[in-house]
Amino acid sequence: MDLFNALFSPHTVASDFNRLAGQHITIGDLEQVAARAIEEGVYRTTSASDALAKGLRGEGGYTVMKGRGLSKADEQFIGTQLQGQAFNSTTNANSNLAPIVPQSMSGDLVDLTIDPDEVWLSKHLEKVPVYGLIHERAVQTATSNRPFKTNFIAEGGAGSNAAGSYARRIVQIRFEADRDEISDVAMLVRAATETGFVNRGAMEVVRKASMARLLKGRERNLWLGNNSCDPRSYDGFLTSIGEITYSAGNLAVSSDSARVTNLAGAQITFDAILSVCETKYSPIVGRNSKIKHVVMLPRAHASLMRQAVSSFRTNGTTEGTGYVGVTGVKLYSGKLAIMTSYGDVEIISAPMVMGEYLRNSSAAAGGTDPGVIGAFTPTAATNALSLFTAADAGDYWYRVTGVGANGETAPQTAATAVTVAAGDSVTIEVGTTQTNIDYYVVERSPKNAANANNSRIVFTWPKNTSGAGSITRIVDSNIMQANTSPVAFLTGKRGDYEFDQLLPLFFKPLAQTGTTFPFLMLDFGAPFWVAPEQQHLIINAGYSA
């Protein structure tokens with residue numbers, strides 16, 4: 001097949017373009033093709049240059065240049081239809097359209113309508129193709145300022161297990177999926193008319209909505225994923241940087257102050273953020289750890305914005321520069337930044353950093369019911385790991401859901417509140433009528449609330465057999481407090497963290513049944529925190545109302 005037919009014939013398939021991929025195609029070649037298209041009436045326009053420009057942009061359902069080869073524009077809209085259901089835009093003759101084949105959706109991310117803060121980490125993780133099963137990295141730590149100086153694996157040697165000096169990890173690719181469907185099969189393709197194809201229809205709307213859901217789910221897992229909770233998930237930022245562990249139902253985070261700072265509900269301040277940034281930049285850690293982004297929940301971000309606006313004059317458009325405490329602060333174009341010794345550090349609002357999202361409030365409709373959480377009664381007792389202080393003492397309501405292969409269960413709320421004193425932890429022993437629960441999501445109300453209506457996620461716990469009768473035991477020691485924000489410090493440097501992907505975001509049609517066309521959006525990959533010592537995590541940062 002020649003270039004002209006590949007570009008303009010409705011019968012072309014992916015294999016036709018594969019055969020053309022190795023050819024050297026010049027702009028002159030494309031101009032000749034555009035001129036022929038106008039001459040034969042395939043593409044009506046006033047000039048060859050206009051036809052060429054539209055073709056390169058992928059308009060009109062024709063072809064775009066992608067990378068080193070050619071591929072047909074909007075392949076995801078090309079469907080299998082019966083003879084007579086579509087026609088050639090020039091002759092009105094009946095024609096078949098090319099069959100649907102799985103396509104990469106990565107190019108669609110550019111114009112996807114979605115709040116950038118909701119998928120902030122997804123956009124800032126470098127996408128790295130997986131070529132091998134083993135990753136080997138040298139990273140810098142406080143005890144080994146330069147990896148090749150000491151404690152580094154030598155040729156023929158046994159190596160060292162010094163934290164961070166050398167890392168060898170098997171890549172474990174996970175996949176995340178969103179299933180969707182469209183009932184109007186005729187809208188799988190763009191409608192053909194005598195003057196060309198009309199603009200994108202229902203399939204475009206449904207597909208992009210599905211893509212947005214998938215990306216938001218991935219964003220939550222990039223922050224909160226924990227493989228010990230969900231065997232299908234990977235470890236996200238809070239787990240990898242905070243070294244979150246579970247033992248007999250207890251939740252613990254790293255006690256290494258170089259990795260984690262616990263504000264225990266104290267107000268987040270610009271000075272506290274500056275202190276972490278400058279410590280990471282100090283010669284003790286190594287002067288290549290420059291924090292460039294600080295990410296937190298929207299309410300914590302708004303609290304800092306109020307501190308900034310109330311502390312120095314602005315030009316009337318909430319833009320200006322001044323000091324809050326000892327820290328220089330900038331407001332510009334709606335952005336917030338602090339001034340450090342090595343440059344400005346932007347403070348980002350990202351709602352997915354700690355589960356700020358709506359979850360299922362009841363059992364999934366249709367399919368297999370995910371089960372029912374058994375009734376539970378929280379009990380409080382003294383625990384050496386407890387971070388409940390005298391200021392935290394009071395009554396709390398708990399609410400729990402289970403998550404597994406069939407979705408999330410209906411929530412179960414404790415029948416009564418539990419009274420917690422300083423130094424206590426709260427134990428919940430919970431079970432379900434189903435065996436396919438992988439982990440539990442635990443919510444806690446504000447102190448002395450009347451009920452659980454305004455409860456917030458504390459964290460997730462893996463299914464275990466630590467409770468009486470080998471049922472799951474959850475021990476809340478206030479290590480991750482409700483109504484506070486984690487604060488993530490990232491270098492923004494390529495190579496410190498990445499997203500290893502087996503394939504780009506992927507569109508997979510499923511078997512058509514009746515008038516319904518189902519499909520999957522698939523994402524194959526996993527984050528790799530190459531240099532976790534270079535990042536930092538503040539937990540339990542308070543904020544003003």
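**View 1. Contacts across the whole chain.** Of the contacts (heavy atoms within 4.5 Å) between residues at least 6 apart in sequence, 72% join residues at least 24 apart. This is a predicted model, in which local features need pLDDT of at least 70, side-chain atom pairs count only at pLDDT 80 or more, and totals for chains, interfaces and linings use all residues. Residues are numbered from 1 along each chain as its sequence is written, and side-chain values use heavy atoms, with hydrogens and water left out. The protein has 31 strands and 9 helices; both are DSSP runs numbered from the N terminus, with helices being H or I of at least four residues and strands E of at least two. Of its 545 residues, 49% are buried. Buried means under 20% relative accessible area, exposed over 50%, and partly exposed in between (1.4 Å probe, protein chains only).

**View 2. The largest nonpolar core.** A nonpolar core is a set of buried Ala, Val, Leu, Ile, Met, Phe, Trp, Tyr and Cys residues joined through side-chain atoms within 4.5 Å. The largest one holds 56 residues. Trp 223, Phe 237, Leu 238, Tyr 398, Phe 459 and Leu 490 touch the most other members. Strand β25 (residues 437-444) gives the most to this core, with 5 residues.

**View 3. Surroundings of Phe 459.** Residues up to four places away in sequence are not counted here. Phe 459 touches Leu 224, Leu 238, Ile 244, Tyr 246, Leu 251, Met 354, Tyr 440, Val 441, Val 442 and Met 480.

**View 4. The second core.** This separate core has 28 residues. Among them are Ile 268, Val 276, Ile 291 and Phe 312.

View 5. Cys 277 is buried, at 0% relative accessible area. Cys 229 also counts as buried, at 3% relative accessibility. The structure holds 0 disulfides (pairs of cysteine sulfur atoms within 2.5 Å).

**View 6. Gln 481 in its loop.** Gln 481 lies between β27 (472-476) and β28 (485-490). Its relative accessibility is 10%, so Gln 481 counts as buried. Beyond its neighbours within four places in sequence, Gln 481 is in contact with Ala 264, Gly 265, Arg 444 and Asn 540.

View 7. Ile 134 sits in strand β5 (residues 134-137). With 43% relative accessibility, Ile 134 counts as partly exposed.
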